[in-house]
Amino acid sequence: MLRNYLLAAIRHLLKNKLFTAINVLGLAIGMAVSLLILNYVNFEFSYDNMHHLAKRIYRVESRFFEGNTLTDDWPTSSFGYAPAMMQHISGIQDAVRVDIHETEQIVSYENIRFRESDVAVTEPSFFRIFDFPLLEGDPKTALEGPNKVVITQTAAHRYFGETDPIGKILKFSTTGSVKNCEVTGVIADLPPNSHFHFDFFISWKTLPDWMNNFWYLHEVYTYVLLQPNVSPASIENAFPKMAEQYKTAAALKNKTWAIHLNPLRNIHLTPQKQYERETKGNRNAVNALMLVALAILVIAWFNYINLTTARALDRAREVSVRKVSGASKIHIIIQFLMESLLVNGVALVLAIGVMLVSVGGFNQLTGKNIPFQLWKDSTFWIPIVLVFLSGIFISGFYPASVLASIKPISILRGKSKQSKGTGSMRKGLVVVQFVASFVLIFSTIVVYNQLDYMMNQPTGVNINRVMAIKFPAQTDELQQKIISFRRELKGFTDVKNAAISSAVPGMEVAFFASNHRADDPNKQNRLYEMLSADDNFASTYGMKIIAGRGFSEDFGDDRNKLVVNEEALKLLDLPDNEESIGRRISVEGEEEPFEIIGIMKNYHQQSLVKAYTPIMMIKYDRIPWISPRFISVKMTGNPSAKTMANIRNLWERFFPQSTFDYFFVDQFYQQQYKSDQRFGSVFGFFSALAVFIACLGLWALAMYSGVTRRKEIGVRKVNGASVGSIMSMLNADILKWVISAFIIGVPLSWYLMHKWLENFAWKTALSWWIFASAALFTLVIAIAAVSWQSYKAANRNPVEVLKDE
Amino acid sequence: MISLKKIYKYYDNKYERTYILKNVNLEVAEGDFVSVMGPSGAGKSTLLNIIGLLDDPNEGEYFFLDQPAHQLNEKKKVDFHRHHVGFIFQAFHLIEEMTVYENIETPLFYKGMKKKERQSVIADLLDRFNMVAKKDLFPQQLSGGQQQLVGIARAIAGKPKLLLADEPTGNLHHDQGKMIMDLLKKLNEEGMTIIQVTHNQEFANYGKRIIRLTDGEIEEEILNN
Ligand SMILES: Nc1ncnc2c1ncn2[C@@H]1O[C@H](COP(=O)(O)OP(=O)(O)OP(=O)(O)O)[C@@H](O)[C@H]1O
Ligand SMILES: [Mg+2]
């Protein structure tokens, strides 16, 4: 019996090659795309699942409240949280801190020297909590005591080549310190789906003692391992009260110090916060891609349904004959499900092929190097099987039951008309396909429009032709050398300006200080981002001073002076004009209040995804923990190779012990949009595919209706109808479909895109022209898909057609 | 075997009711061979379809082997088609994608016959109809007469008690038609009950009884010795 069904199915499919090809092609593309997306999504959800204790590990994230209002939300905690929590809150089995306050260091071994950006300091418990097996060294002792370091294989190879790294001494230098550490362990490179990727783990005891219990520097990630069956909420609830006894300083005293325990495996897909080391995944993007994958699959399935039911008439005779030969409904349904299985099966095989071929391109598109997890992971196989089975069922069942309920009597007498039911079902499905196409087209336009908006909006700073050189490591008389270096740089003919600062546009300013107005009797502390800079900084980046003045040597050393932006004034509740000049601000950790000398117009320190933040600028050498990290060099033109060489030579002369590392600020700034751009291209590409598959189905349907209406068309033409009038008759439906799709699609896409735009602090409006152009575009491609067939049908010689009948 | 009592079939339009069959009473005994004649639109096919359980009467009772066939549920009807009746059509209605062999095999599947058994049944039929050489051909590769032979072979493969033939010769040349009729006659002689619809008086005479249907009513019945 199965053989009989299969044979019938195969012969039928081969006989109708075009329909089969369209079905298989559509399904194969749909499956390949969903498999790729599934693999990607699966990867995104697989973050940090390599630790066997993962379910009980949480990252301690700090949250500050004023009353019930959440004012600050960081992924980090301070150095002191973990020991205090271990001591006072029950239910915590283990904890580990990963210090990130100096992740960028110059590391050297003999003559080999690199600027490393993934240097962490951590405790021995790191290897108890996380499953990063040591390839060499003892996990229990590797991080015991000061001046030890565990490094990754890649790092080991970089410094020691093939020789044994154990026992070798690496030198770590920052602008503030130099440490020598002995390599005591080597671990495999951290897997790509870990939310952090450090290359160096320096032992905790290497840090100065005062840091160990310090509560006022939120620059460590703290991970806790809860005892079994302890709820994270109980820990969270116990924290604020416990924290009170540690709030000894004035900073943030008015706030409630709370924590949030973020489950380890959720970290990757919870929103990116400040102080987040790595670009996290975006749950919205993941959801959007899953939706596109679903849309593509549904469109392909609907094609199958439509093309199969449209041809039901062709199959009706067979079904009728089978029925009078004793077939039950179930037999018929099984037969057509088999056919659907066959089509879906062929499509799946093709899809796997397509996927294998295109996984590289896909990774390029997503910018991730996602290992192909196909054969390893049941969490990947289960969805494939589900997709496959639901595909067979969804695409096969309806046509099968339509065919199974054919009444043989109507067919065998040869008087059958297409039953009305499947016709309206088909229209319904086509409308759904159009809704999906419209929403995807609309969304693609919005995504690109938003990208375009963000990338072309004036940022308020001029970052063109600015090169940012990273600060040298600690040496004698660093301060004087930097000043001389800057002076000599400014002497170069191509160099217009040179400035020292703790941050450059395109990055988080990140040094937070809890400040308040000196005349505020309640001492309402708020957090401000502290940017340390020299006199040249504002002019190098073309920042606008709207009142008062910027830093300048003409006025002395500007020691306790502040230049603040408009946003900071808003937070201080001060007007953004001359009146605020001279106001005194008490800055965290400083005895003497600072004085506002200038107001800086708001500018986009970071991408337009983020809102303006309150920034206070101090002199670069004023507060040691807000140390300068960059020397920005503004060029007059595109820097010539000669200038670059000159700068490098100058650097070598001043800082022979440091690596010369630089980047161009404009490129660096655009880098912020990379993930959005990638999302745009992935989304756009897959949307195009979805629309293509929908058109394919439409095209085939049009061809079919051209064939079935051949006689009608012939008669009309004999009676003098023009090609144009016949075409518009055939195309009239399309207009109806597109309009229906538009009516359903507009609110849907408005809602979806409105939600998506909420991720951006600066966003475009969903203006009418986007709706109009999406609708127009949908209409145009639909008509294009159909007109080809309509044109052919309308141009057929009527005599030929009528003779046939 | 077949007993039709006061069968009415009608279609309701907006304002009027059109009768296709009016008060049809008919008894067909096992082993009978009935020819149904009448003008186009008289309701011949409708009658045959009701007997074949492809259509339901609006009024009246239909007993098949003393069972009330008008009350059968879907499952019983499938059983009826599977075991008791075979159909032959004017347009042959072979499955185009299947070979001669596979077409004949179809009803045997649904009877749940084992492969060995099927093979022997089909071999016998092919042999009998002189179609052994054609068993792997597709319907389009056969002449009309040959196609109808396959149609008959398929209809009788499951050894039904009743064979219903709606204008089996309608699409055939006279000679081919005659060959088919001879075959039907032979089947009848072997014990198969046959009801055929035909427009051809010569072929009607193959039947033991001829029923003339006009405007949905049995006008006359002629016994054919
Ligand atoms: N679904 C229907 N609705 C309305 N009238 C119908 C329907 N089906 C059949 N009829 C009508 O019933 C009448 C009898 O049809 P039937 O097919 O039984 O005629 P027939 O005697 O077989 O004719 P022919 O010799 O042409 O095959 C016809 O007039 C036909 O138009
Ligand atoms: Mg008829």
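Mentor: Fine, but keep in mind that this is a predicted model. Ligand 1 is surrounded by residues from chains A and B, so its site is shared between chains.

Trainee: Which residues come nearest to ligand 1?
Mentor: There are 14 residues around ligand 1, and the nearest are Ser40(B), Gly41(B), Lys44(B), Ser45(B) and Thr46(B).

Trainee: And what does the shell look like by residue type, nonpolar, polar and charged?
Mentor: Six of the shell residues are polar, four are charged and four are nonpolar.

Trainee: Which helix gives the largest share of that shell?
Mentor: Helix α1 of chain B, residues 44-51, with three residues.

Trainee: What lies 2.5 Å from an oxygen atom of ligand 1?
Mentor: A polar side-chain atom of Thr46(B). Backbone N or O atoms also face ligand oxygens: the one from Gly43(B) is 2.9 Å from an oxygen atom of ligand 1, and the one from Ala42(B) is 3.1 Å from an oxygen atom of the ligand.

Trainee: How much of ligand 1 does the protein cover?
Mentor: On its own, ligand 1 has 640 Å² of accessible area, and the protein covers 65% of that.

Trainee: Changing topic. Which residues of chain A does UniProt list for the "ABC3 transporter permease C-terminal" domain?
Mentor: The UniProt entry, which is unreviewed, lists residues 291-405 and 685-798 of chain A.

Trainee: What about 685-798 in chain A, how much helix and strand?
Mentor: That span is 85% helix and 0% strand, and its end C-alpha atoms lie 42 Å apart.

Definitions and conventions. Residues numbered from 1 in each chain as written. Chains lettered and ligands numbered in written order. Predicted model: local features only at pLDDT ≥ 70, side-chain atom pairs only at ≥ 80, totals over all residues. Heavy atoms only, no water. Near = heavy atom within 4 Å. Polar contact = N/O pair within 3.5 Å; in protein donor to acceptor, adjacent residues only side chain to side chain. Areas by Shrake-Rupley, 256 points an atom, 1.4 Å probe, with all protein chains shown as cover. Helix = DSSP H or I, 4+ residues; strand = E, 2+ residues; numbered from the N terminus. Nonpolar A, V, L, I, M, F, W, Y, C, P; charged D, E, K, R; others polar. UniProt positions renumbered as here; feature names shortened; annotations may be inferred.
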